[in-house]
Amino acid sequence: MKPDTTGRPLGVFGGTFDPVHFGHLRLAEEAADALQLERVRWIPAGQPALRDAPRVGPAQRLDMVRLAIAGNPRFELDPAEVDTAQTSFTVPTLERLRQSGACGPDRPLVLLAGADAFAGMAGWHRWETLFELAHVAVAHRPGYAIEAKYLPPALADVFRRRFCDNPRLLRDTPAGRIVTFAMTPLDISATKIRTLLSKGLSVRYLMPDDVIAHIHDHRFYTEN
Ligand code: ATP
């Protein structure tokens with residue numbers, strides 16, 4: 001991780017990325033602008049918690065993210081979760097970042113999540129500890145509202161207490177606030193892409209061409 005000299009927050013973007021698509025890329029790019037992030041650190045999960053095993057292995061998903069973010073100076077890749085065979089949990093991941101030399105305890109960290117992922121946060125391992133480690137920025141996603149009344153009670157309570165409508169305040173403290181941000185609505189999901197690929201249909205314009213070529217070269221997501 002490169003040391004920061006700007007004082008701006010570091011974005012942290014975890015996901016299964018099975019496979020990575022333009023919804024992920026626009027989320028990270030628009031978060032960088034809206035939240036004035038110094039950069040966004042992409043962290044593909046090794047074995048994701050709380051969902052079925054990914055269709056494609058961790059090293060292959062990491063390769064696809066590497067291809068997708070290549071050439072974007074605001075993006076960087078963190079392979080650490082893929083390198084361990086263990087289940088990836090967000091709080092230990094953030095603890096690892098905090099313990100690393102370049103991040104340390106004081107740098108503002110902003111965990112990026114889509115509205116669907118945020119709505120499930122109260123089921124995450126040690127989820128309340130998360131706000132001691134990072135801010136959370138929630139992106140709008142078609143089909144998912146970000147309102148307290150639609151969240152489970154414990155998360156709704158945390159959302160009301162920690163919500164902050166000024167992203168500039170994220171740089172004032174290392175952790176603890178929740179912001180939301182609008183992104184270009186893209187009704188794209190990895191599930192939809194896997195379905196198209198399994199039927200031999202086109203996924204062009206849903207994800208980067210280099211990633212599509214890589215998928216075809218390696219015959220990922222075919223039916224068998
Ligand atoms: P799947 O369909 O397999 O569940 P996914 O497309 O939701 O996958 P993930 O890797 O699970 O992709 O998502 C990583 C993060 O990106 C999550 O926080 C998720 O909410 C967010 N995200 C994914 N796609 C979009 C999108 N189209 N718009 C906004 N957020 C998104």
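Arg66 and Asp63 form a salt bridge, with their closest N and O atoms 2.9 Å apart. This is a predicted model, so please keep that in mind throughout. Both residues of the pair belong to helix H2, which covers residues 58-69. Arg66 and Asp63 are 3 residues apart in that helix, about one turn. How many salt bridges does the count come to? The count comes to 16.

Where does the ligand sit? The ligand is in the largest pocket. Several elements give two or more residues to the shell around the ligand. Two of these elements are strands: E1, residues 10-15, and E6, residues 109-114. The others are helices: H1 at 22-34, H5 at 115-119 and H8 at 190-198.

In total, 23 residues surround the ligand. The closest are Arg51, Asp116, Leu186, Ala190 and Thr191. Sorted by class, the shell has 9 nonpolar residues, 10 polar ones and 4 charged ones.

Next, some individual contacts to the ligand. At Leu186, a backbone N or O atom lies 2.8 Å from a nitrogen atom of the ligand. At Ala190, a polar backbone atom is 2.8 Å from an oxygen atom of the ligand. With Arg194 we move to a side chain: a polar side-chain atom of Arg194 is 3.0 Å from a ligand oxygen atom. How much of the ligand does the protein bury? Taken alone, the ligand exposes 600 Å², and the protein buries 91% of that.

Last, two details of the backbone, which you can look up in the structure above. Which peptide bond is cis, with omega near 5°? That is the bond from Asp18 to Pro19. Pro19 is in the loop between E1 and H1, and both of those elements give residues to the shell around the ligand.

The other detail is Arg126. Its phi is positive, about 55°, although Arg126 is not a glycine. Arg126 is also in a loop, the one between H5 and helix H6, where H6 covers residues 130-133. H5 is another of the elements that give residues to the ligand shell.

How values were computed. Residues numbered from 1 in each chain as written. Predicted model: local features only at pLDDT ≥ 70, side-chain atom pairs only at ≥ 80, totals over all residues. Heavy atoms only, no water. Near = heavy atom within 4 Å. Polar contact = N/O pair within 3.5 Å; in protein donor to acceptor, adjacent residues only side chain to side chain. Areas by Shrake-Rupley, 256 points an atom, 1.4 Å probe, with all protein chains shown as cover. 1 Å grid on protein atoms, 1.4 Å probe; cavity = no way out; pocket = protein on both sides within 12 Å on 5 of 7 lines; lining within 4 Å. Sits in = over half its atoms within 2 Å of the grid points. Helix = DSSP H or I, 4+ residues; strand = E, 2+ residues; numbered from the N terminus. Nonpolar A, V, L, I, M, F, W, Y, C, P; charged D, E, K, R; others polar. Salt bridge = Lys/Arg side-chain N within 4 Å of Asp/Glu carboxyl O.
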